[in-house]
Amino acid sequence: MTTALGDLPLDQVRTLLAVVDEGTFDAAAAALHVTPSAVSQRVKALEQRTGRVLLLRTKPVRPTESGAVLVRLARQVARLERDAHAELGLSGPGEPTRVSVAVNADSLATWFLAALTRVPPEPALFFDLRREDEDHTAALLREGAVMAAVTSSPDPVPGCSVRPLGRMRYRPAATPDFAARYLTGRPLREALAGAPVVVFDRRDDFQDGFVRRLGGGRGAASPARHYVPTSEGFAEAVTAGLGWGMIPEPQALPLLRAGRLTDLAPGRVVDVPLYWQQWKLDSPALATVAEAVAGAAAEALLP
């Protein structure tokens with residue numbers, strides 16, 4: 001098909017998407033049932049038409065910022081085509097409707113999966129979830145890798161709409177034994193700067209941010225760090241006494257009530273606002289998921 005999308009040939013845009021998804025020109029050629037030369041010619045023609053370099057010829061191939069715009073366009077067109085086929089009854093057997101969403105680990109562990117159970121069973125939807133920090137999920141939307149995202153950014157990605165979901169509350173916590181060993185006899189900010197800490201990964205500066213809040217913008221958590229890259233594992237590491245950490249309130253409250261954890265700074269909670277961003281498409285599947293997520297968030301998060 002060579003139908004033009006505006007003045008962009010659709011076959012060229014689809015070829016660009018195939019190269020990004022498959023990682024190489026050869027793999028894209030195999031997926032499209034054409035020659036590698038044809039793939040290369042289509043991509044070059046699209047670059048000439050747009051006047052921009054669209055791909056970084058790395059292994060795997062990666063889109064440039066301009067390429068990401070067209071990749072997102074290609075995914076949106078594919079989504080609309082699938083929705084149209086489904087509404088017309090033209091979808092073949094074995095063609096599930098998939099909705100790709102980027103979601104942060106703490107939401108995934110506490111309330112997001114419950115939101116997906118609210119999606120009506122018919123027509124059947126299947127979910128492709130990408131776990132990413134809430135500060136970085138919007139990047140996956142910008143790249144066109146997902147259709148929607150739970151994000152901490154209120155600024156809509158180009159081509160996306162945004163709606164507030166609520167606030168996830170975090171509490172600084174540790175076991176009573178850990179607090180007695182490391183956090184007594186000194187101001188909390190000084191004590192936390194030297195006490196072992198649990199962090200999610202090397203991009204996680206949430207604990208550092210809490211120490212800075214205590215110190216009026218100065219300081220950081222201790223360099224003695226345990227890296228635990230799952231939400232459930234993070235809470236378990238703190239509960240095991242490996243270090244202190246900022247735990248989502250839905251996970252923290254039962255442990256605090258049971259005496260397994262202690263709140264290190266009662267009243268010094270940190271609220272993280274969360275937003276739902278999604279492609280601006282008239283997609284029934286995406287609209288259904290958005291309503292389910294908004295409903296579950298209204299019950300699970302703070303307004």
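Trainee: Which residue is the bridge partner of Met168 in β13?
Mentor: The bridge partner of Met168 in β13 is Val272. Please keep in mind that this is a predicted model, in which local features need pLDDT of at least 70, side-chain atom pairs count only at pLDDT 80 or more, and totals for chains, interfaces and linings use all residues. Residues are numbered from 1 along each chain as its sequence is written, and side-chain values use heavy atoms, with hydrogens and water left out.

Trainee: What makes β8 and β13 a strand pair?
Mentor: Two strands pair if DSSP finds at least two bridges between them; strands are DSSP runs of E with at least two residues, helices are runs of H or I with at least four, and both are numbered from the N terminus. Strand β8 (residues 160–174) and strand β13 (residues 270–279) are joined by 10 bridges and run antiparallel, so they pair under that definition.

Trainee: Which strand is joined to β8 by two bridges?
Mentor: That is β12 (residues 262–263), which runs antiparallel to β8. Within β12, Asp263 is the bridge partner of Ala173. Strand β11 (residues 245–248) is also antiparallel to β8, with four bridges, and there Met246 stands opposite Pro172.

Trainee: Why is Ala115 called buried?
Mentor: Buried means under 20% relative accessible area, exposed means over 50%, and partly exposed lies in between (1.4 Å probe, protein chains only). Ala115 has 0% relative accessibility and therefore counts as buried. Ala115 is placed in helix α5 (residues 105–116). Not counting residues up to four places away in sequence, Ala115 touches Ala292, Val293 and Ala296, where contact means heavy atoms within 4.5 Å.

Trainee: Why is Thr230 called partly exposed?
Mentor: Its relative accessible area is 31%, so Thr230 is partly exposed. Thr230 is found in the loop between β10 (225–227) and α10 (231–239). Leaving aside neighbours within four places in sequence, Thr230 is in contact with Arg131 and Phe200. Thr230 and Arg131 are 99 residues apart in sequence, with a C-alpha to C-alpha separation of 9.7 Å.

Trainee: What makes a set of residues a nonpolar core?
Mentor: The members are buried Ala, Val, Leu, Ile, Met, Phe, Trp, Tyr and Cys residues joined through side-chain atoms within 4.5 Å. The largest such core here has 55 residues, and Trp111, Phe112, Leu165, Trp244 and Trp276 have the most contacts inside it. Helix α12 (residues 284–300) supplies the largest share of this core, eight residues.
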